[in-house]
Amino acid sequence: MQCIIVDDEPIARKGIKRLVDEIAPLELLDSFNNTESASLFLKDTKVDLIFLDINMPGMNGLEFARTIPDTTLVIFTTAYSEYAVDSYELDALDYLVKPIDAARFRKAVEKAIAYHALLLGEENKNIEKIAENHIFVKSDRRFFKIKLADILFIEALKDYIILQLDDRQIITRMTIKCMYDSLPKTAFIRVNRSFIVNKEKVDSFDHRDVFIKKYEIAIGSSYHDDFFMKMMGEV
């Protein structure tokens with residue numbers, strides 16, 4: 001389960017990192033001392049869980065929590081207990097008051113891991129890979145057979161994805177990561193946090209954008225090298 005820490009206090013970041021390192025399912029991707037840097041990171045990187053301080057300069061943790069994807073879980077970490085009510089109005093998974101007790105931290109993380117597994121389980125019910133050249137995707141209580149060769153690209157929209165075909169769209173409840181994990185990597189390329197493209201449908205591209213028919217899709221900075229390797233070489 002991939003996580004980040006957002007806290008303007010170096011000692012707090014170090015303490016939370018130590019607690020994270022003690023829990024095997026957690027993988028700490030990075031730590032940030034402000035929400036602006038964390039926001040830029042989230043544009044190109046899928047994060048499952050954020051340990052988020054509230055009282056920070058600039059955009060505070062409560063404001064930042066309103067901007068993150070619905071599929072990203074939040075555990076607030078703060079020295080101010082009076083923010084608890086506001087945090088739960090934002091559907092925060094838990095609220096930890098500093099100094100954070102190790103047992104209390106583990107309990108919050110166990111809740112996050114269980115909820116994350118539940119979300120993945122619900123997503124996996126919506127897709128079933130049947131053969132090398134097609135998949136079945138559940139939408140509107142029906143399973144649609146979709147040929148992989150007919151997919152132009154796949155777009156994330158909050159906790160849904162849109163499969164763009166030549167003549168129609170199929171929308172289903174699922175994260176883009178779950179979808180990407182189900183696709184053959186030789187045919188499909190993740191170009192940014194929100195888009196997967198069908199390599200064979202790409203008409204042209206430059207160092208910033210991919211062009212498929214009338215659509216223009218930006219290439220995320222952290223996906224740039226992988227995209228060019230797969231398009232220009234063989235994987």
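In which strand does K147 lie? K147 lies in strand β8, where strands (E, at least two residues) and helices (H or I, at least four residues) are DSSP runs numbered from the N terminus. The model is predicted, so local features need pLDDT of at least 70 and side-chain atom pairs count only at pLDDT 80 or more, while totals for chains, interfaces and linings use all residues. Residues are numbered from 1 along each chain as its sequence is written, and side-chain values use heavy atoms, with hydrogens and water left out.

K147 is exposed, since its relative accessible area is 51%; exposed means over 50% relative accessible area, buried means under 20%, and partly exposed lies in between (1.4 Å probe, protein chains only). Not counting residues up to four places away in sequence, K147 touches N133 and H134, contact being defined as heavy atoms within 4.5 Å. K147 and E132 are 15 residues apart in sequence, and their C-alpha atoms are 9.3 Å apart in space.

K98 counts as buried because its relative accessibility is 18%. The side chains of K98 and D7 are joined by a polar contact of 2.6 Å. Such a contact is a pair of N or O atoms within 3.5 Å; within protein, one must be able to donate a hydrogen and the other to accept it, and residues adjacent in sequence count only if both atoms are side-chain atoms. Leaving aside neighbours within four places in sequence, the residues in contact with K98 include E9, A12, D53 and T77.

The sheets come next. Strands of a sheet pair through backbone hydrogen bonds, either parallel or antiparallel. Five strands form an open sheet with parallel pairing, in the order β2-β1-β3-β4-β5; two strands pair if DSSP finds at least two bridges between them. At the edges are β2 (27-32) and β5 (94-97), each of which pairs on one side only. Within this sheet, strand β1 (residues 2-6) runs parallel to strand β3 (residues 49-52), and four bridges join them. V6 stands opposite L52 in β3.

Another open sheet consists of three strands in the order β14-β15-β16, with antiparallel pairing. Its edge strands are β14 and β16 (215-218), each pairing on one side only. Four bridges join β15 to β16, and F211 stands opposite E216 in β16.

In soluble globular proteins, nonpolar side chains tend to be buried together. A nonpolar core is a set of buried Ala, Val, Leu, Ile, Met, Phe, Trp, Tyr and Cys residues joined through side-chain atoms within 4.5 Å. The largest one here has 20 residues, of which I146, I151, I154, L163 and M179 touch the most other members. At least two residues of this core come from each of β7 (134-139), β8 (142-147), β9 (151-157), β10 (160-165) and α6 (176-182). Helix α6 supplies the largest share, four residues. Apart from this core lies another of 19 residues, among them L42, I50, F64 and A65.

Helix α7 (residues 224-232) has buried residues H224, F227, F228, K230 and M231. They lie on the same side of α7 because they cover an arc of only 165° around the axis, the arc being that of the directions from the helix axis to the C-beta atoms. These buried residues pack against α6, β12 (188-192), β14 (204-205) and β15 (209-212).
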